[in-house]
Amino acid sequence: MNGTRYLLEHSSTGRLIFRKFSAADYTDWFPFYLDPASTEFWEGIPDSPDRACRSQFDRIFERYDKGLGGMNALIEREQQVLVGMCGL
């Protein structure tokens, strides 16, 4: 089964570009975990922001490796910066 069919890679909207995450995105996504409000209602994530972010990235890449689809990086078209994620 081809898991990339579950990704929106190479798709875009007027404001966003969808692509797979890369290891280099960790640095840009890490600040999300520094704000406790970001994960206030999530259960079962590590207390350490670094471990929580690393765990999420590990799951993202595991799903890619197993062909299960996964998360799309949302890139703001004009400034070319990571602004979010979406997906399975």
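This is a predicted model: local features need pLDDT of at least 70, side-chain atom pairs count only at pLDDT 80 or more; totals for chains, interfaces and linings use all residues.

Visitor: Which residues is Asn72 in contact with, leaving aside its neighbours within four places in sequence?

Guide: Among them are Leu7, Leu8, Glu9, Phe18, Arg19 and Phe21, and also Gly84, Met85, Cys86 and Gly87. Cys86 is the bridge partner of Asn72 in S3, while Ala73 has Met85 as its bridge partner there.

Visitor: What makes the approach of Asn72 to the backbone nitrogen of Leu8 a polar contact?

Guide: The cut-off for such a pair of N or O atoms is 3.5 Å. A polar atom of the Asn72 side chain lies 2.8 Å from the backbone nitrogen of Leu8, so the distance falls within the 3.5 Å limit.

Visitor: How do you know that S2 and S3 pair?

Guide: At least two bridges are required. S2 and strand S3 (residues 81-87) have 6 bridges, in the antiparallel sense, so they count as paired. Together they form a hairpin with 4 residues between them, and Gln80 in the turn has a positive phi of about 60°.

Visitor: What is the order of the strands in the sheet?

Guide: The order is S1-S2-S3 in an open sheet of 3 strands with antiparallel pairing. Strand S1 (16-20) and S3 are the edge strands, each pairing on one side only. On average, neighbouring strands of this sheet are turned by 35° against each other, direction ignored.

Visitor: Now for charges. Why is the pair of Arg19 and Asp25 called a salt bridge?

Guide: The limit between the side-chain nitrogen and the carboxyl oxygen is 4 Å. In Arg19 and Asp25 the closest N and O atoms are 2.8 Å apart, so the pair qualifies. Asp25 is buried, with a relative accessible area of 4%, whereas Arg19 is partly exposed at 28%.

Visitor: How many salt bridges are counted by this rule?

Guide: The count comes to 2. Lys66 forms a salt bridge with Glu62, the closest N and O atoms being 3.0 Å apart.

Visitor: What makes Tyr26 and Phe57 an edge-to-face pair?

Guide: A search of the whole structure finds 9 aromatic pairs. For Tyr26 and Phe57, the centres are 5.6 Å apart and the planes are at 75°. Tyr26 lies in helix H1 and Phe57 in helix H2, so the pair ties together parts that are 31 residues apart in sequence. Both Tyr26 and Phe57 are buried.

Visitor: Why is the pair of Tyr33 and Trp42 also called edge-to-face?

Guide: Its values are 6.3 Å centre to centre and 70° between the planes, so it passes by the 6.5 Å and 60 degree limits. Tyr33 is buried at 7% relative accessibility, and Trp42 is partly exposed at 41%.

Visitor: Which residues do ring pairs link into a cluster?

Guide: The cluster consists of Phe21, Tyr26, Phe30, Phe57, Phe61 and Tyr64.

Terms used: Residues are numbered from 1 along each chain as its sequence is written. Side-chain values use heavy atoms; hydrogens and water are left out. A polar contact is a pair of N or O atoms within 3.5 Å; within protein, one must be able to donate a hydrogen and the other to accept it, and residues adjacent in sequence count only if both atoms are side-chain atoms. Contact means heavy atoms within 4.5 Å. Helices (H or I, at least four residues) and strands (E, at least two) are DSSP runs, numbered from the N terminus. Axes are lines fitted to C-alpha atoms, for helices over the stretch in contact, and angles run from 0 to 180 degrees between N-to-C directions. Buried means under 20% relative accessible area, exposed over 50%, partly exposed in between (1.4 Å probe, protein chains only). Rings of Phe, Tyr and Trp (its six-membered ring) pair if their centres lie within 6.5 Å; planes under 30 degrees apart count as stacked, over 60 as edge-to-face and the rest as tilted.
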